[in-house]
Amino acid sequence: MEKAKVSVVVVAHNHEDVLKDCLNSLQGQSLTDIEIIIIDNGSSDNSKEIIEEYSNSHKNFRSIPLELMTKNKARNIGLHEATGEFVAFIDADDIVNPSAYENLYNSAIKDHTDIALGNIQLFNGTRKWEHHELKSIIKKDLPTLREFQKHPELLLNPSIKNMIINRNLLNDNQLQFNESLTEQQDLLFTQQSFICSNKVYVTSDIVIKVRDLTNSDVIKQTSTLEFFDNLLVTQTELINYYNLKDITSHYSHVEKKLWDYYLTSLLTKAYYFPSEQYNELLRISSDFAKNLSKNLMENNISKISKVFYTVFLNQNPEEFHLLMTLLSDRTLQKGAVMIEGKYYHYFAKYFPKYKEYLEIKEFNLHQKIEILSLRGDRLQVGGFAFIEEINNLDSIKELQFKNKSNGQLITVTLETLERSDLSYLFSKNSINYSDGGYKTTTIELSKILPDGDYEVFISVKVGDISLRKPLHIFYFSTKANSKPATTKTHSIVPYFPKKNLHIRIKKTGLLGKLKTKIQKSFRDIVYEFGLLVLRREWKSFLIFYLYRLTQRYYRNKHIWLIGERKDTAQDNSYHLFKYIQKNKVRDNCYYLIDKKAKDYEYIKEFGNIIQYGSLKHTLYLLTCDKTINAYSERANMYTHEYLQVLKCHPEWQQNQKILIQHGVIGVSRVNHVLNKNRMGYSLFIVSSDFEKDHIVNEFGYAENEVAVTGLARWDALENTGNGKTILIMPTWRNWNKSTQQLMNSEYFNRYFSLLSNPELHQILEKNDLNIIFYPHYQTQIYMKDVPDFHKRIKTIRQGEETVQSLLKRSDLLITDYSTVSFDFSYMEKPVIFYQFDYKRFYYEHYNQGPITQELLFGEVVTEEEQVLNGIKKFAIKDKQFLENTVENPFVIKTPKQHAKLNYEAIANR
């Protein structure tokens, strides 16, 4: 093709599962004069075929096949082949926004800039977020056009992927990627490009979506001397380049970034780094430290960084080995220590000679509001607050109202709510923050606050340390629950400068109350019409008025709304609905499902089915008495329109939320997901007194909010096995975020090895046994075609057969941490728990629960040979092996009565 406006260089290596997403985003670019150069960097999967398909069917796509080499060398080949006026570099798992290159190119041409850059959105399988390192670059108060000399924040741009660069700039300055680097591949190149540029155009618009696949496997793979040596090379090259260009005064911004990255890398990789290479790592670290400027060391680093710096420079192997041992110990308690009446970082216990660097003179208060609502004068607050770095045992928490005119302080004591999830989430159980939670508290403002304008604070006291912060509201949905309100005597107006809660309260007459109501109504009207006029969300707009017309009628019907996932009807929700409809125990009970889903066939005979996503779905959500789900209600029942309505009118949500669960809680602690403040369930269904105690003690629910009924699906459990079927059903791992990661993981390879084992095949043939392999549905998302391991081994995917059917017709279950083991045990059938990654699973995936390995109702094994031995015992009907699972204290057994008990507990709530 003729000279393009932009050439995009894409480097692919074994990206077959995501490559089409990337190439489709490039194919759909609004910029027509664009050249796509796709480099197949030695792929061994189907990437080559995909690349050839696109290059053959699109004139502006070109493919370059290469033997495997460093990414930077492949990029340089692409740069050499590029013909565009500007050039961009991305990876094969990125997704470019449709108008990204057109907007960047037009802006660069219009303003005569050498570089144009935009924002980055990171994403993985569960969430999306903006790149935090770009916040300092895309601030609203900064100009669109910049020169790096006046705006050194440009030098902090974290990636090459969000930029287009004038190719003449690169050619004239002989810039290319350093081919020896495998880590920090972008930094040196982007720095040199900024330094050589005349001007840079910056937009806050998201131009590219970058897949974040960082997990512990990636960290482990890069826990090498080569990684840290690459950082040293990058540092040295940058220093030389800044000296060459005589701009060393600007190097300080990048220097701190590099130093912080080096230390962060050391902290995250210490656990995996081989101890026999500590001395060589010390040498690299020492050389890195020697290159740091005096100004950085004296003025711009934390005290803990000075300990690292000093240890590096001293080159004392014993000190460095101790440092690495501390960093790699996941069981170590890392709360601050008190020495001679002062608080110090825990390092001070092990490095007393560096104590001067380690004193903690200021602590930080971490707080989050999870529940905030104002109804009349009743303010309801729930959440957590703790002082970082110290154990918060027996902390005292208060809500403080400070009168802004006279400084008067009115306090409300908050009752502690045990939150073990805080220790796990914020310190991986290395610091005790469990007393950081507080019970949801209701405050009648008119009874405690004189007329005035108040700023609201949260305060925490631990021992002799007392801190307070403004009550900060992070999310709009939380803030929306507190709107101007009136009582018979008062007008109360909450407002949120800088997202901090302030309250204005005043005794008022009819005129004042009318003014407050008008303010509230005007705000609501602006929001509602904004949905229609500005965002063109006509369905949401229509719901506002349909609700107002019909809400009294529908509320009088006392509707129950039941669901699971959008496309499923096979778990506890299905069995409860089936019981209600077959026994005609209640009118106006409805089930939500997409009628195009396979599972619709299972449930349509019972009637009262509502199409998922319909207007009726949203109206019933707004007007029902109860919503009932076995899974997360918000993720699986809420429509987009429902969420839009609640942003304006959260008070319209008046239903009780019921969780009937899809398993038994106890093997893992999931209170970070299901605690009362976060989810607000009115009733929580459990399966034993043991589980109830756990929920009451650690999840924040009252005794009468937890019902021991067992799971509704257990009514359908019956052993239909033939004594010859083994079900292998492992749960998922949150660190497997792509096909490539899954296929390379220990998790996948363990099961692949087991199912491929000739000895297993012999056992199956000798004893006339069969295996069903059913991976977790989250694993199936990334799992490619599974080979035919053996004629007696069958792999089943989601949708081919229900989980309950598989459990009923199987005779031995091999799982790891899945709670289907409780269903299997309910039928008094044996379980083998294959827990080869126990420590990792309960460090990275979930927090370990009160049902530990010693309490499990089956054999716990860690090696493949032990699994095979267990199968042999099953085959010969070993008595002790079979009796291991007979007594399970974690389930209540009331055969054929569980759905009835569920119904009665919900009806009586």
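E828 is partly exposed, with a relative accessible area of 44%. On this scale, buried means under 20% relative accessible area, exposed means over 50%, and partly exposed lies in between, with a 1.4 Å probe and protein chains only. E828 sits in the loop between α33 (820–826) and β36 (831–834). Its phi is near 60°, a positive value in a residue other than glycine.

Some ground rules. This is a predicted model, where local features need pLDDT of at least 70, side-chain atom pairs count only at pLDDT 80 or more, and totals for chains, interfaces and linings use all residues. Residues are numbered from 1 along each chain as its sequence is written, and side-chain values use heavy atoms, with hydrogens and water left out. Helices (H or I, at least four residues) and strands (E, at least two) are DSSP runs, numbered from the N terminus.

Back to phi. Most residues other than glycine have a negative phi. N14 also has a positive one, near 55°. N14 is in the loop between β1 (6–12) and α1 (19–27). Is N14 buried or exposed? N14 counts as buried because its relative accessibility is 14%.

Next, the sheet. Seven strands form an open sheet, in the order β26-β25-β24-β27-β28-β30-β31, and the pairing is parallel. Two strands pair if DSSP finds at least two bridges between them. At the edges are β26 (609–611) and β31 (706–708), each pairing on one side only. From one strand to the next, the twist averages 25°. β30 (residues 683–686) pairs with β31 in the parallel sense over three bridges. V706 in β31 is the bridge partner of F684.

Helix α20 (residues 572–583) packs on this sheet and touches β24 (560–563), β25 (589–593), β26 and β27 (626–629). Contact here means heavy atoms within 4.5 Å. The direction of α20 makes about 145° with that of β25. Axes are lines fitted to C-alpha atoms, for helices over the stretch in contact, and angles run from 0 to 180 degrees between N-to-C directions.

Last, the cores. A nonpolar core is a set of buried Ala, Val, Leu, Ile, Met, Phe, Trp, Tyr and Cys residues joined through side-chain atoms within 4.5 Å. The largest has 117 residues, and those with the most contacts inside it are V8, L26, Y101, W259, F312 and F347. Helix α8 (residues 225–244) gives the most to this core, with eight residues. Not counting residues up to four places away in sequence, L26 touches V8, V10, I36, F61, I90, V96 and Y101. A second, separate core of 36 residues includes L372, L379, F401 and V460.
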